[in-house]
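Subject: Structure handover

Hello,

Here is the structure for your files. My notes on what was found in it follow below.

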Amino acid sequence: MISKVYTILVDRFGEDALLYFDDTLNPYIQVNPEQIQMLCIFMRYNPALKFSFFFSLCGVDYPEKNQITMVYHLFSMKQKKMCVLKTSVSRKNPELESIESVWKAAGWFERELYDLLGVNFTNHSNMKRLLLPDDWVGHPLRKDYEEPSFYHDMETSRNRIS
Amino acid sequence: MKGNIIITDNNCFVSTMDDVINWMRKSSIWYLLFGTACCAIELMQTGGPRTDIDRIGSVFRSTPRQADLMIVAGTVTYKMAERIVLLYHQMAEPKYVLSMGSCANCGGLFQNSYSVLKGVDKVIPVDVYVPGCPPRPEALMEGILKIQKIMMKEKFLKNHGERKNDIKSLYYSG
Ligand code: SF4
């Protein structure tokens, strides 16, 4: 299924940029982070693939591997197939090409990722926080996030008795 | 109506001014429609036919300036907490606050969350807490009856419209 997609992708991008894993529930393709935008454009517009629908984009923090993994779920209405792409960026200075220009819907997902994990998407039209207030410090879904004890003079825990 | 009341013949009664004012107030508790999460569904249900909240004269208002009671129904995030304080200050005195559900009481289910305020009493004074996740409509009704009881004890004429048993005064006096 997805292996067919993989062969088409390998024909275009070469063997070393892409890795195919099918030991998980959803087989996924590991992608080079520099190529993500090109790959997405190709997957969306190639007549054999036509992944026209963008499901979701989420991020996973791996402090032990020192990287943040982005997971893209794409769906092709033509083939009735889902495809999972993964790409990893470093945890220190996470930066990735935005795919907002390919699927408009990805824009808010990317803002959410910036909000919660601190991944910076280049060429994004409006790269600022989506859910949390603009003056929030830190990125709370990072595993090493520590909650400050006050936010705007509001206590953040119930343990302390003032 | 409880309190000092003498019923005379000729269809009239004699009572104290305070009691009459309190009775009028408690029979028309207009609450601020403030559903912040899933508890709001139960708040709507309280307005439904089974626990008809309207029968005690409680109807929702969508502006704080017409409301006597604020029912905080649901999770309060830090972002929302600032708006709650603003709305609370926009309400006319005397005002009451009812905190509905574990989330508004203490953070509840989201106790360890980074973005949820651990209890709305961290930012505004609360008169009645209704526990539950979510509280049943009967429980909310009970809470409003409690508010009515608090209202009946007020002495507005003596205190020039200020609440005597205001929790705020307890907070700030000592
Ligand atoms: S107390 Fe329960 S029902 Fe109410 S807002 Fe919180 S999670 Fe939802």
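To begin with charges over rings: K86(A) lies over the face of Y28(A), 4.0 Å from the ring centre. Please keep in mind that this is a predicted model. In chain B, the charged end of R61(B) sits over the ring of W30(B), at 4.5 Å from its centre.

Next, the aromatic pairs. Over all chains, the structure holds eleven of them. In one pair, the ring centres of F53(A) and F55(A) are 5.4 Å apart and the planes stand at 80°, so this pair is edge-to-face, given that planes over 60 degrees apart count as such. Both partners are partly exposed: F53(A) has a relative accessible area of 37%, and F55(A) has one of 40%.

Another edge-to-face pair is formed by W136(A) and Y114(B), with 6.5 Å from centre to centre and 75° between the planes. This pair crosses between chains. W136(A) lies in the loop between β7 (120–122) and β8 (150–151) of chain A, while Y114(B) lies in the loop between α4 (101–106) and β7 (128–130) of chain B. W136(A) has a relative accessibility of 9%, so it counts as buried, the limit being under 20%. Y114(B), at 22%, counts as partly exposed. W136(A) and Y114(B) also belong to a cluster linked by ring pairs, together with Y151(A) and Y78(B).

The loop between α4 and β7 of chain B also holds V123(B). With a relative accessible area of 22%, V123(B) is partly exposed. Apart from neighbours within four places in sequence, the contacts of V123(B) are M154(A), V85(B) and L117(B). The C-alpha atom of V123(B) is separated by 51 Å from that of N10(B), and these two residues are 113 residues apart along the chain.

Last, a helix pair in chain A. The axes of helix α1 (residues 2–13) and helix α2 (residues 36–45) come within 11 Å of each other and cross at roughly 125°. That angle makes α1(A) oblique to α2(A), because angles of 65 to 115 degrees count as roughly perpendicular and those over 145 as roughly antiparallel. The crossing of α1(A) past α2(A) is right-handed. On the α1(A) side, the contact is made by V5(A), I8(A), L9(A), R12(A) and F13(A). On the α2(A) side, M38(A), L39(A), F42(A) and M43(A) take part.

Regards

Definitions and conventions. Residues are numbered from 1 along each chain as its sequence is written. Chains are lettered from A and ligands numbered from 1 in the order in which they are written. This is a predicted model: local features need pLDDT of at least 70, side-chain atom pairs count only at pLDDT 80 or more; totals for chains, interfaces and linings use all residues. Side-chain values use heavy atoms; hydrogens and water are left out. Rings of Phe, Tyr and Trp (its six-membered ring) pair if their centres lie within 6.5 Å; planes under 30 degrees apart count as stacked, over 60 as edge-to-face and the rest as tilted. Buried means under 20% relative accessible area, exposed over 50%, partly exposed in between (1.4 Å probe, protein chains only). Helices (H or I, at least four residues) and strands (E, at least two) are DSSP runs, numbered from the N terminus. A charge sits over a ring if NZ of Lys or CZ of Arg is within 6 Å of the ring centre and within 35 degrees of the ring normal. Axes are lines fitted to C-alpha atoms, for helices over the stretch in contact, and angles run from 0 to 180 degrees between N-to-C directions. Angles under 35 degrees count as roughly parallel, over 145 as roughly antiparallel, 65 to 115 as roughly perpendicular and the rest as oblique. A crossing is left-handed if the near helix is turned anticlockwise from the far one by less than a right angle, and right-handed if clockwise. Contact means heavy atoms within 4.5 Å.
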